[in-house]
Amino acid sequence: MTSEAATRAPTTIHLVPHTHWDREWYRPFQSFRMQLVDLVDRVLDMLEADDDFTFTLDGQLATVDDYLEIRPEQEERLRGHVASGRLAIGPWLILMDEFLVSGETLVRNLEMGWARAHDFGEPMHVGYLPDMFGHVAQMPQILRRAGLADAVVWRGVPASIDRHGFRWESPDGSWVRAEYLPSGYGNAAGMFAVPDRLDAAATRFVEWSRPWFGDDPVLAMYGTDHTAPVPELAALVGRLNEVHEASHVKLSTLADYVAAATPLRDSDPCWRGEMRSGARANVLMGVASAHIDIKQAAGRAENLLERYAEPLSAIHLPAHAWPAPFLSLAWRRVVENSAHDSICGCSVDPVARQVLVRFAEAEQVAGTLSRRAAGGVATSVPAGALLALNPSPTPRTDLVEAELLVPDEWGEVALELHDGTRVATQELARKEPLLFDATIRGAEADDLFRRFHGREIFDHSWNGYRIDGRTVTLEVDSDPDPAWLDVDELRAEVMAALRSAPADEWQIRIVARSRRTLAAVMPAPALGWTAARAVEGAGDGDNAVQVAPDGRTLDNGLVAVTVDDDGTLRIRSTDGTEAVGVGRIVEGGDFGDSYNYGPPASDRLVEHPETVEVRADLGGPIRGRTVVTRSYAWPAGLTADGSERTSASVPTEVVMEVELRAGEPFVRIGIAFDNQSDDHRVRLHAPLPRPADASHAEGQFAVVERGMKGEGGYREEPLATYPAHGWVDAGGLGLLLTHLAEYELLEAPSAPSARELAVTLLRSTGLISRNDNPYREDPAGPELAIPAAQMRGRWRYELACLPHAGSWIEGDVPRAADRYRHPFVTAPGGGTRDATWPPAQAGLPLLEVQGDQVVLSALRRRDGAWLEARLVNLASDARTVTLTPGILEAREADLLGAAGEPLPVGDAGALELRLGPAEIRTIHLRREETALAGSDLLDAAGPRQNA
C-alpha cells in the first residue's frame, strides 16, 4: 500500500443489490417470469432474514405486477418492505428504449409507474436509465417536470464526461444531476464471486473506481441481467469490512446512494442534449432498423392513441362517456412494448410475435374509439351526407374519400359543404349495382331467404322490393334506409308472391343503390368538423393535379414531379427548390445482427435497375398517381462465412407509387416489393437540393440537430444512422414519415459537396447477436437464430418528400408532417335524411392552438370537466401560443398531471401562454362544452363509419 493510500480515509462504497430484468428477450415473457418469481421470492426472504439487506427492483413496476399476478398473496409483504425503505421500486412501469417510442409514450410510462408505485409506498426518486441504447435530448426536462432531479445512465455518455457525476441539460435548459455508470449496471456483479478473496476483489474495485469517483462515495452495482443476490450477501459484506481497511461497504438502495452522493461542483462536466456516443459502451444503433414491422406497428398504435382516440374522445364525447378503461388498456400495451428488447426487435421470434399482438390490441382499441367519436358526431349529419373531422389543433384542408349515393343520371358531381361552398370531386370508382341475378321456381322461395341474416345480405341492408310480372327486385344499400324495418313482414310479402305461382320461374335480382367513390379536398376547423353532400354540377378547386398520359410528369401547382429514365424522381417546388434523383434504391449485404448493421467484407451493392416501367394510374384533378416499376436481381443471401454475397440472385420488382394531391406541397411515395432475399439492407436515397453537413429530425418533444459522424471508441463502428419521428430535414428537403425511421446523411456520388439522405426501408438479419459482427467486437446478446427478422414476404414503406427554401422552420416542415400523417376521419351521416341542413355545429373550431412551431402532444380528460393539454415548442427561441375558443378556466400542471397554479384567461375565452425554447408545458383547461351527439355510443359504434 502506498503512503498516499495509507493516509487516505476509507472509501465509502454503496453496494446496491439489484437485478436488471429484461422482461422478454432471448426467452419469451412467461418463461422469464417464472425466473422472476423465484428471484422475488428469494429477495423477500432475504429482506426478512436480515435487517441490513436492501434491494433495488430495477426501477420498473412491471416486475412487481408480473410477480403479484402469480403471487397475489405476497402484496402486503411487498408493501411492508417498500415502506421500510429497504426495497426500492419505480419510477418507471417499464425500462424502455428512449429513441424508438414517442415522447408521449415516455411520459405515460413514467406516469403509470409512478402511480403504481404509490400503491405500495414511495417511488424511487431517481430517473433510472441503466441500459437504454442512448438517451434522448429532452429526458432531463421530462424528469424535472415530473419532480425528479437525478438520473442514472450508462450507454451513450460521451467521451468528454470523465467523472461519475455530471450536469445533463435539455435544450430548454432544464437539468438533472446525472450519475454515470462506468462499466455499466453490473460494475460490482463479481465482487463476491470468490468469498475467500474478498480483500483482493475490494482492492481491485477501489483502484478501478478512483479515476471516476476520486474521494467521493462509490456506487457499486451488485447485479446484472436476470441475476439474484447470493443468500449470504449481508454476511459477506460484513466479512469484507473486516478484512479490507481501505474501504467501508454499506448495503444501500440506489435511492440511498443518490441521496448521499456528492453534489455537483462547478468543475464537474456538463452535457447538453441527446447522448448517443459509443465512446465507452456500444449504443447498438442498428436496432432502429431491425424488425421494421414492429416500428410500423408502434407508429400506428401511438398515432391513433395520441392524435385520434384521446383528443377526439375528449373533445367530442361528454365527460361521462370518457373511455378511460379502454384507453388505459391500450396505453398499457404500448408501454409494455416499449421495453428495449421488445420495441428494438432484438428478441426471439415468439417475442416479436407477442409484441405485434400487443400493438395490434392497442391499435384496435384506439381505432374503434376514434370511429365511435366520429360516429357520435355524425348523428348530427343527415343520412346520405358526409362528416369530415379534423384531428389537428389548427384549421386545414385534407383529401377525403367517401362512397356516396349518386343517381346514375347525374354527370359531373360536386360536394356541397355546410356553408354552401361547392368543391370539385374526382370519381375513383362506381359500385356495381347488380349483386345477384338468378332464376328460381316460386316453390324455392325458402332457398332465397337462406342467404339472408336478418336484414343483411351480401354486406348490405335490405330496404325494400319491387315486383314486375315474374321479376322480383330486392333493393339494398350500404345503409339501412329506413333505419327501422319489419323484415319479417317484408319477407312474408315476397314469399307470398313467389308461392302464388310455385311452378313458375321467377327472376330474382338484388340491386344496390347507385353509389360512387369520390375524392375531394375539404376544409375543417381545428379539432372540429365539416359536413358535405353530393350535388350535381361542377365545384371549385385550387391546385388541380395534372398527370401526363405516359405518367412521366405530375404537377399540382405547388410541386412538380418528373420521372427520369432510371426511375428516380426530379421534384421541384414553386420556389425553385429542386431535388434530383429521389427514390434511388440501394440494396447491399448485411452480415450483422439485430443490434448492428455490418456489411460483408466484399459487399456488392445493387442500385441500377435492369428494367424500368412507368404508367399513369390516377389522372387527377384531386389525386394524381404514377406507378414506377423497377426490376432488380438481388443476391439471395450471403456465403456461409459472410465474406461476400451469393452468386444466386432473386428477381425482385420494386413498385414505387408517386402521388400528388390537390393542395399538398409534398410528394407521397409508397415503395412495395416481395422480399425473398436474406441478410441484406434496402435503402431509399434522396439527394438534397443544396449542400448540408447536418440534419434536423423530430425526436421526443424536440428537434435534434445531428452531424455526419458519430462518436466511437468502444470497438463499435460509429455509424451516423439515427432514428427520426415524424420527419427529418436537410439541405432543403424534408422527408415526412408515418413511423419511426432510420436515416443517414451521406456524401452523394454526384459531387464532393453534394449530400443525400438515405432511409432504411428494410433490414434483414437472422441472429439476435452475431459473435463476429464486422462492425462490433463485443457480443450484444446470445447468438440465437431469429428467422422472422429476415422479413421475408411482401413489404411496403411510405413517406413523403417536401422540397423547400430555407430552414426546416422556414419550410414549415412540422406542419406538412402533421398534414401527411394525420388524415381527416370520415363517417357517413348518421341522422335522418330529413335532418336539418346545414348541421348546427359544422365549421366551428372546438380547440385551436395558434403558435408557430408549437405542437399539441396530448389532449385528454382529467377529473371530469377538465382537459389536460401538453404543448411543445419545437423552436430554439421562445414562442407565444394562444388557445381558443371558449376557455373558462386554466391552470398549470406537472408532467404527471398534478394540478398547479391558476392561469389567467382572457375575456374572449382565449388563453395566451409564453413557451420558452424547447419547452414542454402541461396545462389543464375547462372549456365550454356544447351539446354532444356523441353520447349515444351504441349507435355510434355501428358498421356505417369508416376512417
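The lining of the second largest pocket divides by class into 19 nonpolar, 10 polar and nine charged residues. Here Ala, Val, Leu, Ile, Met, Phe, Trp, Tyr, Cys and Pro count as nonpolar, Asp, Glu, Lys and Arg as charged, and the others, Gly among them, as polar. This is a predicted model, in which local features need pLDDT of at least 70 and side-chain atom pairs count only at pLDDT 80 or more, while totals for chains, interfaces and linings use all residues. Residues are numbered from 1 along each chain as its sequence is written, and side-chain values use heavy atoms, with hydrogens and water left out.

The second largest pocket holds about 640 Å³ of space. Its lining has 38 residues, and the closest to its centre are Gly273, Glu274, Val704, Glu705 and Arg706. Strand β34 provides the largest share of this lining, four residues.

On a 1 Å grid over the protein atoms alone, a pocket is an open set of points with protein on both sides within 12 Å along at least five of seven lines, a cavity is a set where a 1.4 Å probe fits but cannot get out, and lining residues have an atom within 4 Å of a point. Grid points are joined across faces, edges and corners, and a volume is the space filled by probe spheres set on the points. Helices (H or I, at least four residues) and strands (E, at least two) are DSSP runs, numbered from the N terminus.

Now for the spaces side by side:

| Space | Volume |
|---|---|
| Largest pocket | about 1100 Å³ |
| Second largest pocket | about 640 Å³ |
| Largest cavity | about 710 Å³ |

Which residues lie closest to the centre of the largest pocket? They are Arg668, Glu798, Tyr820, Arg821 and Pro823, out of 37 lining residues. Helix α10 (residues 292-316) gives the largest share of that lining, six residues.

Helix α10 also gives the most to the lining of the largest cavity, with seven residues. This lining divides into 15 nonpolar, 13 polar and 10 charged residues.

Finally, the helix pair. The axes of α2 (residues 29-49) and α3 (residues 62-70) come within 9 Å and cross at roughly 90°; axes are lines fitted to C-alpha atoms, for helices over the stretch in contact, and angles run from 0 to 180 degrees between N-to-C directions. So α2 is roughly perpendicular to α3, a term for angles of 65 to 115 degrees.

Methods: Parallel < 35°, antiparallel > 145°, perpendicular 65-115°, else oblique.
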